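The following note comments on a two-part model, point by point. Please read it alongside the sequence and coordinates.

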Amino acid sequence: MGKQKKELLGELEEIILLALMKLGSESYGVPIHQTVEEATGRFISIGSIYATLDRLERSGFVSSRIGDPTAERGGRAKKFFKVEGAGMLALKEAEQIRRAIAPRRRWQLEGGRA
Amino acid sequence: MAKKVKSKAQRLAEKRREVARHRHEVKEVFPSVIVRADGSRVEFGPKFYGGGQQEPIADADLVDLARTFEIKAQELERYYMTHNLEEDLSNEPPKNAEYLAQLLLPSANREALLGDLVEEYPGVVAKYGVRRAKFSFYLHVVFSILVLARNAVVKWGLFGWVVELIRRIGS
């Protein structure tokens, strides 16, 4: 058998990982959702955020911990997320792939012909 | 004996009857068109309240009547305000949506997700108003159920998810 397949990040996965890195220790559902919606300008259900975070957690890219319950959340606890080393690596690889493809794409975007 | 829970339609019908009773009361006591002793006609108050009393009335009584009318109008205004505050301006997320989420969302993220929606709700109310905030809450709950239920089906299979759902509803 050949090499082990590398897991590529999906669009939303990459955006969420970047949001987690931007937010740092305050990375839980509400700020993540707001950051992602502001960045993309699209409606994204909070369930999609959690589904993606679940997937990232299963892949070992992020880890989570449960915070304390607060009154403003109706006595419900926050779930904080943190980017792990594998997540950083995956982001770096995604960036490298983008850079490898970028020159031609940038030239086209600037109005040149393919 | 168990307390009978009224449906939304029943509560709405009850409110309509109450409003109609108020209107009728105001219409009976406070006409919008009054004929003075000299025969001239005086209109006051919005037509909404009004009836059509045509009998002559003395100027002195007219002042009293206007004052009473004002008090009654304020009472009516207050009634509508309270009614609106109770029904529409509550800052609480829709309970039905919360119940739906409680019932159908997978337990792993249920509490955190519902907490996030509840935390976001007042901000959405302040920005877009109560109706849109409620709609948005429902939208998030429904989409979240669809997305997370799809993931659960992929994980356990459809049969496993249905069994889990039945277990949750039963408990």
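1. Among contacts in chain B between residues at least 6 apart in sequence, what percentage join residues at least 24 apart? The share is 51%, a contact being heavy atoms within 4.5 Å.

2. The model is predicted, so local features need pLDDT of at least 70 and side-chain atom pairs count only at pLDDT 80 or more, whereas totals for chains, interfaces and linings use all residues. Residues are numbered from 1 along each chain as its sequence is written, chains are lettered from A in the order in which they are written, and side-chain values use heavy atoms, with hydrogens and water left out.

3. Chain B contains 5 helices and 3 strands, arranged from the N terminus as α-β-β-β-α-α-α-α. These elements are DSSP runs, numbered from the N terminus: helices are H or I with at least four residues, strands E with at least two. Of the 171 residues in chain B, 34% are buried, that is, under 20% relative accessible area (1.4 Å probe, protein chains only).

4. The largest nonpolar core has 37 residues, of which A:L9, A:I16, A:L17, A:L20 and A:I32 touch the most other members. Such a core is a set of buried Ala, Val, Leu, Ile, Met, Phe, Trp, Tyr and Cys residues joined through side-chain atoms within 4.5 Å. Both chains contribute: the elements giving two or more residues include helix 1 (11-23) and helix 4 (85-109) of chain A, and helix 4 (107-128) of chain B. Helix 5 of chain B gives the most, with 7 residues.

5. Leaving aside residues up to four places away in sequence, A:L20 touches A:S27, A:I32, A:L53, A:V62, A:F81 and A:V83.

6. At the interface, 21 residues of chain A are in contact with 21 residues of chain B. The buried area is about 1800 Å², with 55% given by carbon and sulfur atoms; this is the accessible area (1.4 Å probe) that two parts lose on being put together, summed over both. A:F43, A:I46 and A:R76 supply 33% of the area that chain A buries against chain B, more than any other three residues.

7. The rule finds 4 salt bridges between chain A and chain B, each requiring a side-chain nitrogen of Lys or Arg within 4 Å of a carboxyl oxygen of Asp or Glu. A:R76 forms a salt bridge with B:E111, with the closest N and O atoms 3.7 Å apart. On the side of chain A that touches chain B, helix 2, helix 3 and strand 2 of chain A each give two or more residues; helix 3 of chain A gives the most, with 6 residues.

Definitions and conventions: Buried < 20%, exposed > 50% of the residue type's maximum accessible area, 1.4 Å probe, protein only.
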